[in-house]
Amino acid sequence: LFPMAVREPELLRFMAAEGMLTAKDYPLLLAEAEAQQNTAAKAAILEYQNRAGGPPDPFEEMEEAYKKAERVAAYIEKNGTLPVSELKKIWSYRKNPDGTITVTSYKGEESEVTVPDVIGKSPVTTIEGTFGLYTAASEKYMAVRRAVRRVTLPKGLKRIGAYSFSGCGQLQSIQIPEGVTEIGERAFQGCKSLRRLVLPAPVRKIGGHAFAGCAGLTAFAVPEGVGVLPDYAFNECRKLSDITLPAGLTEIGMGAFDKCAALRNVVLPDAVAVMGSGVFRECAALIRVVLPASLRLLSYSTFASCSALRWITVPQGVTEISSFVFYNCRSLERVTLPGSVTDIADKAFEHNTRAAIQAPLGSAAEAYARKYRIKFEPMEETAP
């Protein structure tokens, strides 16, 4: 066909006008014109080639964009969500073995975001590292994540995985769907603008550092089904003044409330048998703590630098007081120790000049007070 097009100008014009020629065809046509020594055809071919490679018609572009928008709108109206081709531009995700979707990264540019309920026909049940600043992302997307202010989560969400919102310092509003059962490690770490967060009743597991650095949180209720409060769960939640803990809680990890400077009153459930080190370290406003009946050990630095703490009663059953438990509790006036305490570390009361130990006569606590010249107040209870 090319030799004929070179010889017949009308055919060549028709082929160019109808878009029958591609970029790779023009060099072949030029070679044919050279072989036929047809200068006029060669000039025409070059002109058609320049037109084809020129700037696109803006009106054609607008029309195509309009048609595309119409197609997308029709899809949304029918299916209630964006088509997969459009969702892939905004989200990275993977399909789970059970056919559900885990959304792993936000690639959009909006500060108010809605995570899709479904992608294609698969429900979104997990987000993981989606908005987190400590997960892999380009600087462009990192800047977007820093600016995210409001997120709407899928209704069918079951799990908020590790690092999902870590470092989203501008995040102000988020509602956790009722079906969520797990909050992953560092999921909300550093969300310093978040002032309120309510976890639904089905939540059973909370990961370490999950809410650390949520400096704007003032109150929090741990769901009833949570049995373990992990390490540094509320570390540096400096405005947290009201914490509600479930009756079934059995373990509190190290530093769980470390540097919660506004925390004043805490009642620990009786089921708590294990408390890690430094649970209330540097809780400068803490004035009252009710310790659980199941406790057997006060770990290292439990109340270190709780400068407002004045009195505390250690429950019967506790046998050991570790090092620096009451370190630098400058306002501490009295610690009541039961006869069950048999082991008190040398530096348990380091940097306390006012504290008195109240304990049964003949107890290990009395012997400790005498040894370290700490004021001793006898109790009517006798040592076991």
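**Figure 1. Confidence and overall make-up of the predicted chain.** The average pLDDT of the chain, that is, the predictor's confidence in each residue on a scale from 0 to 100, is 88, and 90% of the residues score at least 70. This is a predicted model, in which local features need pLDDT of at least 70 and side-chain atom pairs count only at pLDDT 80 or more, whereas totals for chains, interfaces and linings use all residues. Residues are numbered from 1 along each chain as its sequence is written, and side-chain values use heavy atoms, with hydrogens and water left out. The secondary structure comprises eight helices and 24 strands, where helices (H or I, at least four residues) and strands (E, at least two) are DSSP runs numbered from the N terminus. Of the 384 residues, 45% count as buried; buried means under 20% relative accessible area, exposed means over 50%, and partly exposed lies in between (1.4 Å probe, protein chains only).

**Figure 2. The stretch of residues 67-78.** Over residues 67-78 pLDDT stays under 50, and the model has twelve contacts for this stretch beyond four places in sequence, a contact being heavy atoms within 4.5 Å. Where pLDDT is low, the predicted coordinates should not be read in detail.

**Figure 3. The largest nonpolar core and Phe165.** A nonpolar core is a set of buried Ala, Val, Leu, Ile, Met, Phe, Trp, Tyr and Cys residues joined through side-chain atoms within 4.5 Å. The largest one has 89 residues, of which Phe165, Phe188, Phe234, Phe257, Phe280 and Phe303 touch the most other members. Two or more residues of this core come from each of strand S2 (101-106), strand S5 (122-127), strand S23 (356-361) and helix H8 (364-371). When neighbours within four places in sequence are left aside, the contacts of Phe165 include Ile127, Phe131, Val151, Leu153, Ile174 and Phe188.

**Figure 4. Strand S2 and its two partners.** Five of the six residues of S2 are buried, so that the strand is mostly covered. Strand S1 (residues 91-95) runs antiparallel to S2 and is joined to S2 by five bridges, two strands being counted as paired if DSSP finds at least two bridges between them. Within this pair, Ser92 stands opposite Ser105. S1 and S2 form a hairpin with five residues between them, and Gly99 in the turn has a positive phi of about 90°. S2 is also joined to S5, by three bridges and in parallel, with Thr126 of S5 as the bridge partner of Thr102.

**Figure 5. An open sheet of three strands.** The strands follow the order S3-S6-S8, with parallel pairing. Strand S3 (112-114) and strand S8 (173-174) stand at the edges, each with a single partner strand, so one side of each has no neighbour in the sheet. Strand S6 (residues 150-152) is joined to S8 by two bridges, and Val151 stands opposite Ile174 in S8.

Figure 6. Axes are lines fitted to C-alpha atoms, for helices over the stretch in contact, and angles run from 0 to 180 degrees between N-to-C directions. Helix H2 (residues 9-17) and helix H4 (residues 39-52) pack at an angle of about 10°, with their axes 11 Å apart, and are therefore roughly parallel (angles under 35 degrees count as roughly parallel, over 145 as roughly antiparallel). Leu12, Arg13 and Ala16 of H2 make the contact with Ala41, Ala44, Ile45 and Tyr48 of H4. Helix H3 (residues 25-36) packs on H4 at an angle of about 170°, with the axes 9 Å apart, which makes H3 roughly antiparallel to H4. Residues of H3 that meet H4 include Tyr26, Leu29 and Leu30.

**Figure 7. Trp311 in strand S19.** Trp311 lies in strand S19 (residues 311-313) and, at 39% relative accessibility, counts as partly exposed. Apart from residues up to four places away in sequence, Trp311 touches Ile287, Leu332, Glu333 and Arg334. The C-alpha atoms of Trp311 and Val335 are separated by 5.9 Å, although the two residues are 24 residues apart along the chain.

Figure 8. Most residues other than glycine have a negative phi. Tyr232, which is not a glycine, has a positive phi of about 55°, and its place is in the loop between strand S12 (228-229) and strand S13 (242-244). Lys259, in the loop between strand S14 (251-252) and strand S15 (265-267), has a positive phi near 65°. Tyr232 is partly exposed, with a relative accessible area of 26%, whereas Lys259 is buried at 18%.

Definitions and conventions:
Angles under 35 degrees count as roughly parallel, over 145 as roughly antiparallel, 65 to 115 as roughly perpendicular and the rest as oblique.
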